[in-house]
Amino acid sequence: MSSQTFVMKVSARAPQKRLILTAAEALRRGGLVAFPTETVYGLGADAFNADAVRQIFVAKGRPLDNPIIVHIASVADLKALASNVPEVAGKLIERFWPGPLTLILKKAPGVPDDVTGGLDTVAVRMPQNKIALALIKALGHPIAAPSANLSGRPSGTTARHVLQDFAGKIDMILDGGPVAVGVESTVLDLSRKPPAILRPGAITQEDLEPLVGRVVMGRGAEGKKRSPGTRYRHYSPRARVTLVELGDEKAIAELAKQYAAAGKKVAVVARHFTSSGQARPIVRIMPQELEEYARQIFAVLRELDELAVDEIIVEKTEEKGIGVAIMDRLKRAAAR
Ligand code: TXA
Ligand code: MG
């Protein structure tokens, strides 16, 4: 890969054509370009260039059997990707695209196996971000893009995070400012019935069910096989993460004391925490509002890594609305 990574500031409201064309040209040559979406930054390659897609796996250190989401800019792009678009998909597309909903569909024959990890399905979404959409249109092909982070690390929600992980390893980063949502898209498997949420996101079970009927959460062990990404430890800072119950400040203080006594550098990530004691952890007070919490959580985990914290004590959130997605990421960050 290239030895220099160019970072280009792009207007999120009116992306400069010249910059978009430069980035599209890099993709056309088989390069890797990171770009903002509404959820997190993506690390993109031309979805129909198998060699370029393989470079994504190399850059991320990603297991080869973990398939990648393909990003499109118009519903017409689906033709080349999915062999069958069921009626329920049509309803969801109309309501939620562009937006943070990824649909798993039966794949069309032309989709490279490197994109789908050899599965007979493909993950597709239309991002709600003008830079992303302009880039896809300028390339004239769909863009395969996982979240722009080294495999296993918290997803990048700013261009700076992306540079931290990929400086010198990718061609370009389009800096469109911080993302709007902060957690990755909802992944909904429509290849079997009933539809199953393989990864929770901003679009919730309650949002989906009125349109498509019963939707189940995950597919258990079978689901893990079907969404390989969920098999791996994920979203993890280098520090160890421990979750405590919502509102249990006493438990946080107790743990902080224990870890500090063991000589550890300790951080607390909570919405409610006032007691200080002698432990004096680094404290990051999170927003009460879950949408705002989601926007910040990955950045906070990364920041605590930069501070070389050993232990992060995280207060759980409610598991409702986008809180389901937040807790999913926190549980995985805490998995050992
Ligand atoms: O919001 C997002 O979805 C971001 C932005 C960049 O669009 N992308 C993202 O990609 O989070 P990634 O690769 O980090 O996560 C994709 C998830 C993984 O868990 C993967 O296993 C799953 O989607 N996936 C991809 N293709 C699949 C398929 N054919 N069947 C089941 N799961 C699939
Ligand atoms: Mg990811």
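Biologist: Which exposed residues does the face of H1 turned away from its buried side carry?

Modeller: This is a predicted model, where local features need pLDDT of at least 70 and side-chain atom pairs count only at pLDDT 80 or more, while totals for chains, interfaces and linings use all residues. Residues are numbered from 1 along each chain as its sequence is written, chains are lettered from A and ligands numbered from 1 in the order in which they are written, and side-chain values use heavy atoms, with hydrogens and water left out. Helices (H or I, at least four residues) and strands (E, at least two) are DSSP runs numbered from the N terminus, and exposed means over 50% relative accessible area, buried under 20%, partly exposed in between (1.4 Å probe, protein chains only). On the face of H1 turned away from its buried side, the exposed residues are Lys17 and Arg18.

Biologist: Within what arc do the buried residues of H1 fall, seen down its axis?

Modeller: The buried residues in H1 are Leu19, Ile20, Ala23, Ala24, Ala26 and Leu27. The arc is taken from the directions that run from the helix axis to the C-beta atoms. An α-helix has 3.6 residues a turn, so residues three or four places apart point the same way. The buried residues of H1 line one face of the helix, because they fall within an arc of 155°.

Biologist: How far does H1 reach from its first C-alpha to its last?

Modeller: Helix H1 covers residues 17-28, which gives it 12 residues. The expected span is 1.5 Å times one less than the number of residues. That expectation is 16 Å, and H1 comes close to it, reaching 16 Å.

Biologist: Which residues of helix H6 are buried?

Modeller: Helix H6 takes in residues 159-166, and what covers its buried residues includes strand S2 (33-36), strand S3 (41-46), helix H2 (50-60), strand S8 (172-175) and helix H10 (290-306). Cover of this kind is judged by contact, meaning heavy atoms within 4.5 Å. The buried residues of H6 are Ala159, His161, Val162, Asp165 and Phe166.

Biologist: Which residue with a positive phi follows H6?

Modeller: After H1 comes Gly30, with a positive phi near 95°. H6 is also followed by a residue with positive phi, near 80°, and that residue is Gly168.

Biologist: Which residues touch the most other members of the largest nonpolar core?

Modeller: A nonpolar core is a set of buried Ala, Val, Leu, Ile, Met, Phe, Trp, Tyr and Cys residues joined through side-chain atoms within 4.5 Å. The largest has 67 residues, and a second, separate core of 26 residues includes Val269, Ala325, Leu330 and Ala333. In the largest core, the residues touching the most other members are Leu103 and Leu174.

Biologist: Is Lys193 buried or exposed?

Modeller: Lys193 sits in the loop between strand S9 (186-189) and strand S10 (196-199). Its C-alpha is 9.3 Å from that of Arg214, 21 residues apart along the chain. Because its relative accessibility is 82%, Lys193 counts as exposed.

Biologist: What radius of gyration does the protein have?

Modeller: The protein holds 11 helices and 15 strands, and its C-alpha trace spans about 60 × 50 × 35 Å along its principal axes. The radius of gyration is taken over C-alpha atoms, and the globule rule is 2.2 Å times the number of residues to the power 0.38. For 336 residues a compact globule would be near 20 Å, and the protein agrees with this at 20 Å.
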